[in-house]
Amino acid sequence: QVQLVESGGGLVQPGGSLRLSCTASIRNFAVYTMGWYRQSPGKQRELVAVIAGDRTTNYQDSVKGRFTISRDNAKNTVYLQMTSLKPEDTAVYYCSAGLSLRSLPIYWGQGTQVTVSS
């Protein structure tokens, strides 16, 4: 059974950094497009960043230059390095797995809370 488990969330001050990790119990991890989505209260879930098997990446405009998505296929893990965090980055962050950069995710993690506050 496929399982995506996020970790690394927490409380951080504005301007701070966090690194989220998502470890996937999934066959053929390297072929999946992995992504990070986030959802805050009253808002729809939105794509934050996505990385394909060939390591092509896409980012939401609001996080470009601040967040970096990466993957370690040997560890079945995708990361989201978040820097210069802003209060509006506060959300539950979800790891996802899909078939391509332009297709919807097939699998989702349970999410990890990121709170940016003084």
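## Strand pairing in a predicted model

Strand β4, spanning residues 33-39, pairs with strand β5, spanning residues 46-51, in the antiparallel sense over 5 bridges. The model described here is predicted. Within this pair, Gly35 has Val50 of β5 as its bridge partner. The hairpin of β4 and β5 has 6 residues between the strands, and Gly42 takes a positive phi near 80 degrees there.

Strand β5 also pairs with strand β6, which covers residues 57-59; the sense is antiparallel and the pairing runs over 3 bridges. Here Ile51 stands opposite Thr57 of β6. In the hairpin of β5 and β6, 5 residues lie between the strands, and Arg55 takes a positive phi near 75 degrees.

A further set of strands forms an open sheet: its 4 strands follow the order β1-β3-β8-β7, with antiparallel pairing. The edges are β1 (3-7) and β7 (67-72), each of which pairs on one side only. On average, neighbouring strands of this sheet are turned by 15 degrees against each other, direction ignored. Inside the order, strand β3 and strand β8 pair in the antiparallel sense over 6 bridges, and Leu18 stands opposite Met82 of β8. In a regular strand, side chains alternate between the two faces of the sheet.

The pairs with stated bridge counts are listed below.

| Strand pair | Residues | Sense | Bridges |
|---|---|---|---|
| β4 and β5 | residues 33-39 and residues 46-51 | antiparallel | 5 bridges |
| β5 and β6 | β6: residues 57-59 | antiparallel | 3 bridges |
| β3 and β8 | residues 18-25 and residues 77-82 | antiparallel | 6 bridges |

Note on methods:
Residues are numbered from 1 along each chain as its sequence is written. This is a predicted model: local features need pLDDT of at least 70, side-chain atom pairs count only at pLDDT 80 or more; totals for chains, interfaces and linings use all residues. Side-chain values use heavy atoms; hydrogens and water are left out. Two strands pair if DSSP finds at least two bridges between them. Helices (H or I, at least four residues) and strands (E, at least two) are DSSP runs, numbered from the N terminus. Axes are lines fitted to C-alpha atoms, for helices over the stretch in contact, and angles run from 0 to 180 degrees between N-to-C directions.
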